[in-house]
Amino acid sequence: MSGNQIRKVRIWPLLLLALGLKAISGEMHEIDSESLESKTDEQKEEHSSEARVVAGQIIDSKEDLWEGKGEEHQHTTADEESPATDYVDDVKDQTAIGGTADGEPCIFPFLFMDQEYFICTTDGRDDDRFWCATTYNYIQDHKWGFCETDEEASQRKLAQEAESFYHTGMKMINSTSKKSQKKEGYEILVKAADMGNTKAMEKVGYAMLLGDYLKLNIGTAKNFFEMLAEQGSPKGQTALGFLYASGVGVHSSQAKALVFYTFGALGGNLLSHMILGYRYWAGIGVPQSCESALTHYKLVANYVANDISLTGGNVVQRIRLLDEAENSGVGSGMLEDDLIQYYQFLAEKGDVQAQVGLGQLHLHGGRGVEQNFQRAFDYFNQAAATGNSQAMAFLGKMYSEGSNIVPQNNDTAFHYFKKSADMGNPVGQSGLGMAYLYGKGIPVNHELALKYFQKAAEQGWVDGQLQLGSMYYNGVGVKRDYKQALKYFNLASQGGHILAFYNLAQMHAIGSGVIRSCHTAVELFKNVCERGRWSERLMSAYNNYKEGDTDSALVQYLLLAEQGYEVAQSNAAFILDQKEAKIFGENETYPRALLHWNRAAAQGYTVARIKLGDYHFYGYGTDIDYETAVIHYRLASEQQHSAQAMFNLGYMHEKGLGIKQDIYLAKRFYDMAAETSPDAQVPVFLALCKLGMMYSLDYLSETKFQEIWMQMDLDMLLGPEWDLYLMTILALLLGTVIAYRQRQQQPELRAPGPQQPEPQREQQ
């Protein structure tokens with residue numbers, strides 16, 4: 001056997017150990033990116049195991065808080081530089097197969113071409129088959145054998161080819177933002193998945209399930225998930241749980257769904273934890289348990305809080321399809337292209353406010369605009385050049401955090417924060433406080449940090465309020481004061497700061513500074529969890545719906561509904577209610593819509609509660625049940641003060657449907673509806689007119705009209721000359737009718753035509 005000169009391989013034991021530790025670490029920190037699938041793989045970030053959370057911000061024990069933030073894709077590109085081609089096997093008890101020493105044990109290390117080998121190698125062979133020596137010195141003894149059978153060698157080569165396809169596809173997906181190129185990347189992943197690559201099967205399975213860059217194919221996705229579940233993949237188990245929970249592609253089974261979700265959660269899948277948290281909170285398929293819900297939600301919330309950046313992350317856009325359909329004249333919160341182009345025109349002309357506004361819009365994303373750090377940086381630079389303090393503050397934020405566009409630089413960040421703070425800008429003051437609090441480019445100074453946070457908080461800036469609350473909670477630079485911490489966390493939460501919700505949830509979960517309240521803690525943690533990166537799926541589902549891909553939109557909304565998103569539950573119910581989806585039979589749509597209206601109503605959505613009343617009133621997806629309809633309308637009326645519910649209760653009292661007929665109560669509810677909403681005044685007026693007419697007819701039908709007429713004395717009622725009054729009124733009415741008819745019979749005026757010569761008058 002001849003071979004090429006190779007290097008020594010004594011580092012293999014350490015390398016294998018490192019790979020093993022990395023795999024374990026990846027499993028522990030892995031977000032269920034397949035709830036977003038293609039999106040989160042481009043956005044996930046690794047967090048240091050040495051990080052700790054202070055005031056909801058990630059504080060690294062290393063020198064630089066935001067170091068490495070810009071290396072967003074390194075976790076994939078580093079691992080995907082080239083597929084593994086080295087044979088990893090248990091070198092203990094390795095037996096030679098074939099060769100010159102068939103059946104004899106391999107000896108490690110063995111000497112070949114003046115190099116020692118501690119594992120099997122392919123060196124010296126053209127067919128890439130792994131072999132080993134059965135004596136120390138191969139050159140001297142020529143005793144060798146293969147480390148794998150022919151079948152094992154073929155399987156290994158197939159796996160290596162699949163792995164190569166997987167890494168090629170992932171590189172293409174992560175290196176572009178163009179949809180067409182991402183589709184090409186997924187087509188390559190399909191090849192890897194068909195060859196049995198586990199990671200490719202996970203990616204492709206979710207892409208086919210959600211209609212993301214691949215055509216919606218629930219049957220094929222289900223097959224992938226079943227194979228993954230057999231291999232113990234938490235992502236595959238979670239996906240199967242979703243299929244059985246929603247009845248997509250399979251017969252619905254909440255018991256099977258719970259089993260798969262539980263296995264997925266045990267495997268560390270965050271999506272499964274979030275779904276189980278919601279199920280225990282709402283009592284869906286399991287006994288209601290606040291403590292169990294708290295356990296699951298807290299685990300997911302810890303990840304989301306650690307993932308929050310200084311810039312705050314992406315904006316969660318919640319659009320209700322029902323509201324958009326019923327109020328077509330009202331905007332959905334999305335910015336029209338024409339409006340964006342108008343602001344861009346103003347920014348190019350030097351309008352500072354337009355530059356700052358566009359910078360913030362691109363920094364955070366949302367309202368139909370994708371996050372774009374390069375554009376944000378450019379707009380902020382233009383505005384900062386004119387001396388705008390707000391733009392300087394946001395530039396400081398971008399430099400403090402760092403990204404693949406803006407390199408992390410504490411000195412530059414401090415420079416911008418200082419200039420902005422000196423001009424009284426609260427964003428700059430808060431950023432300067434952060435620099436002093438954590439020693440970002442300057443020595444730590446808690447006194448100055450407190451001073452700048454107080455200035456920012458006094459101007460209502462949420463970051464200043466949050467950090468001030470943290471300082472009081474931890475007793476950093478001030479005496480520990482839970483009351484003050486609670487005050488500032490509450491203020492920051494009113495401004496919508498996710499970390500304020502997280503800190504309040506922690507306080508209520510352990511009873512720190514407040515009376516312990518599991519219910520409050522769960523609601524706050526749920527709010528935090530719903531601000532995770534998977535919330536971007538809401539916008540993806542909306543875009544699919546607007547593009548006419550209703551089935552993909554429905555599946556995505558159903559997945560988000562399983563996670564507990566109320567807006568996703570109502571949107572899924574709306575699509576089913578409109579019978580726009582084709583993945584369910586026509587007789588299944590109303591019962592499924594009823595289920596999701598019920599879940600949305602349980603989370604306080606008024607329209608969903610009214611919809612439940614309508615479904616029971618008309619018998620959509622259930623039997624007609626007026627009494628249950630009354631219950632839902634009354635809940636919407638009393639708890640949420642819905643004018644529509646009040647009007648419906650008035651109608652049911654008028655007709656006696658599911659409730660005792662009572663005209664007086666009907667009028668009362670009609671009046672309440674008119675007082676609650678101006679929009680209800682016209683229908684209430686018509687309903688009251690009808691009610692008055694019906695009341696009069698009922699009264700007359702119950703009374704002997706002829707007896708009343710005979711007993712009526714018109715002389716006493718109208719006076720002795722009542723007949724003259726009556727004749728006068730009749731005459732006036734007759735004159736009015738005649739005058740009106742005469743005006744109607746007058747010839748129409750025509751446009752003057754060519755003038756004709758007037759006839760000469762006869763002389764008299």
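This is a predicted model: local features need pLDDT of at least 70, side-chain atom pairs count only at pLDDT 80 or more; totals for chains, interfaces and linings use all residues.
Student: Is Tyr213 buried or exposed?

Tutor: The relative accessible area of Tyr213 is 16%. Buried means under 20%, so Tyr213 counts as buried.

Student: Let's turn to the helices beside that loop. How are H6 and H8 oriented to each other?

Tutor: Helix H6 covers residues 198-210 and helix H8 residues 234-246, and their axes come within 10 Å. The axes cross at roughly 20°, and the crossing is left-handed. Angles under 35 degrees count as roughly parallel, so H6 and H8 are roughly parallel.

Student: How many residues of the contact of H6 with H8 are nonpolar?

Tutor: From H6, the contact is made by Glu202, Tyr206 and Leu209, while H8 brings Lys235, Thr238, Ala239, Phe242 and Leu243. Of these residues, 2 are charged and 1 is polar, and the nonpolar ones number 5.

Student: And how are H7 and H8 oriented to each other?

Tutor: Helix H7 spans residues 218-230, and its axis and that of H8 come within 8 Å. They cross at roughly 130°, with a left-handed crossing. That angle makes H7 and H8 oblique.

Student: Which residues in H8 does H7 meet?

Tutor: The H7 side consists of Lys222, Phe225, Glu226, Leu228 and Ala229. Across the whole contact there are 6 nonpolar, 2 polar and 2 charged residues.

Student: What covers the buried residues of H5?

Tutor: Helix H5 runs over residues 179-194 and reaches 23 Å from its first C-alpha to its last, close to the 22 Å expected. Its buried residues include Lys182, Tyr186, Leu189 and Ala193. What covers the buried residues of H5 includes H4, H6 and H7.

Student: Which residue takes a positive phi just after H5?

Tutor: Look just past the end of the helix, where phi is about 95°. The residue there is Gly196.

Student: Where does Asp128 lie, and how accessible is it?

Tutor: Asp128 has a positive phi of about 60° although it is not a glycine. Most residues other than glycine have a negative phi. Asp128 lies in the loop between S4 and S5, and its relative accessibility is 43%, which counts as partly exposed.

Student: What separation do the C-alpha atoms of Asp127 and Ala153 have?

Tutor: Asp127 also has its place in the loop between strand S4 and strand S5, and it is partly exposed at 30% relative accessible area. Along the chain, Asp127 and Ala153 are 26 residues apart. Their C-alpha atoms are separated by 9.9 Å.

Student: What about Gly532 and Ala305: how many Å separate their C-alpha atoms?

Tutor: Gly532 sits in the loop between helix H23 and helix H24, where it is buried with a relative accessible area of 5%. Along the chain, Gly532 and Ala305 are 227 residues apart. Their C-alpha atoms are separated by 8.5 Å.

Notes: Residues are numbered from 1 along each chain as its sequence is written. Side-chain values use heavy atoms; hydrogens and water are left out. Axes are lines fitted to C-alpha atoms, for helices over the stretch in contact, and angles run from 0 to 180 degrees between N-to-C directions. Helices (H or I, at least four residues) and strands (E, at least two) are DSSP runs, numbered from the N terminus. Angles under 35 degrees count as roughly parallel, over 145 as roughly antiparallel, 65 to 115 as roughly perpendicular and the rest as oblique. A crossing is left-handed if the near helix is turned anticlockwise from the far one by less than a right angle, and right-handed if clockwise. Contact means heavy atoms within 4.5 Å. Ala, Val, Leu, Ile, Met, Phe, Trp, Tyr, Cys and Pro count as nonpolar, Asp, Glu, Lys and Arg as charged, and the others, Gly among them, as polar. The expected span of a helix is 1.5 Å times one less than its number of residues. Buried means under 20% relative accessible area, exposed over 50%, partly exposed in between (1.4 Å probe, protein chains only).
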